Structure formats: structure tokens, C-alpha cells
Amino acid sequence: MSPARGGGADTPAAAEAPPLVAVVNNELYAADYADMEVRKYDKQRKAWFTVGRLPERAASMNGWGLAFRACGDSLIVIGGPRTAGEGIIEVNAWAPAAGPPQWNLLGRKRSSNFVYNCAVMGC
């Protein structure tokens with residue numbers, strides 16, 4: 001049942017972040033950071049299928065530095081582009097019940113640090 005891993009044949013499994021999964025309205029979703037896709041688990045078919053794309057600017061290093069969490073009836077993605085010595089952290093949200101992914105940018109902040117972990121404390 002685990003979603004496919006993103007890194008590819010030349011990326012060792014230990015270099016990749018654990019699967020990024022979240023549950024909204026009793027439905028299981030996964031972020032495929034390599035293909036920049038959101039997948040949903042079909043309980044009847046016991047298979048994953050792609051529902052759309054992750055936010056355009058959500059970047060990661062083999063899944064590290066990207067957070068994918070549920071918050072109420074929405075999915076939240078925290079991450080962003082990084083260049084030498086500077087980066088941006090963005091928080092995006094999408095309510096799956098509203099249709100295919102239409103990510104709403106909730107906030108953006110400059111950051112010189114890598115995001116190591118994320119916990120959504122309340123919604």
C-alpha cells in the first residue's frame with residue numbers, strides 16, 4: 001500500500017525522505033516529491049492514482065525539506081525554492097473536496113536555513 005518512492009534508480013533509498021502522506025476526510029494522500037505530484041489511495045482498487053501537481057515552487061532534496069500535512073479539510077505543503085545561501089519557505093493549501101489541486105499561497109518567508117521538520121499544531 002505504500003506510495004512509490006520518488007528518487008529513481010540511482011538514488012539510494014536511505015537518501016530519500018520517508019513517504020509524505022496525509023489523511024483528509026478519511027482519504028489517504030501522498031506527495032511524490034520526485035514527480036511533483038499528489039496521489040490519492042483508492043481503497044476499493046488498492047492502488048494509488050495521481051490527482052494533480054504539487055505547488056510549482058515546492059522544492060526539496062529527495063523529499064527532505066518538504067512538509068505535507070492535513071489541516072482540517074485541506075492539505076498543506078510547506079517548502080520552497082533554494083539557491084546558494086538563500087531560500088524561501090512557502091505555505092500552500094488545497095481543499096481536495098473543491099476539485100483538482102488549486103494551491104492557495106498562505107504565506108512566504110525568506111530563510112537561510114534548511115527545513116528539517118514540520119508539525120502543524122492547529123488549524
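**Exercise 1. Is D32 buried or exposed, and why?**

Solution. Start with the ground rules. The model is predicted: local features need pLDDT of at least 70, side-chain atom pairs count only at pLDDT 80 or more, and totals for chains, interfaces and linings use all residues. Residues are numbered from 1 along each chain as its sequence is written, and side-chain values use heavy atoms, without hydrogens and water.

Step 1: take the cut-offs. Buried means under 20% relative accessible area, exposed over 50%, and partly exposed in between (1.4 Å probe, protein chains only).

Step 2: apply them. D32 has 6% relative accessibility, so D32 is buried.

Step 3: D32 belongs to strand β2, residues 27-32. A strand here is a DSSP run of E with at least two residues, numbered from the N terminus.

**Exercise 2. Find what the side chain of D32 contacts.**

Solution. Residues adjacent in sequence count only if both atoms are side-chain atoms.

Step 1: look at the backbone. The D32 side chain reaches the backbone nitrogen of D35 at 3.1 Å.

Step 2: look at side chains. D32 and R39 are joined by a polar contact of 3.0 Å.

**Exercise 3. Work out the sheet that holds β2.**

Solution. Step 1: read the order. Four strands make an open sheet, β1-β2-β3-β4, with antiparallel pairing. Two strands pair if DSSP finds at least two bridges between them.

Step 1: find the edges. β1 (20-24) and β4 (47-53) each have a single partner strand, so one side of each has no neighbour in the sheet.

Step 2: check one pair. β2 and β3 (residues 37-42) run antiparallel and share four bridges. Y29 has K40 as its bridge partner in β3.

**Exercise 4. Which residues form an aromatic cluster with Y29?**

Solution. Step 1: set the rule. Rings of Phe, Tyr and Trp (its six-membered ring) pair if their centres lie within 6.5 Å.

Step 1: search. The whole structure has three aromatic pairs. Y29, W94 and W103 form one cluster.

**Exercise 5. Describe C71 and the chain around it.**

Solution. Step 1: locate C71. C71 lies in strand β5, residues 67-71. C71 is buried, because its relative accessible area is 16%.

Step 1: compare sequence with space. C71 and V23 are 48 residues apart in sequence, yet 9.1 Å apart in space, C-alpha to C-alpha.

Step 2: step back. The protein chain has nine strands and zero helices (H or I, at least four residues). Of its 123 residues, 40% are buried.

Technical notes: Polar contact = N/O pair within 3.5 Å; in protein donor to acceptor, adjacent residues only side chain to side chain. Phe/Tyr/Trp six-rings, centres within 6.5 Å; stacked < 30°, edge-to-face > 60°.
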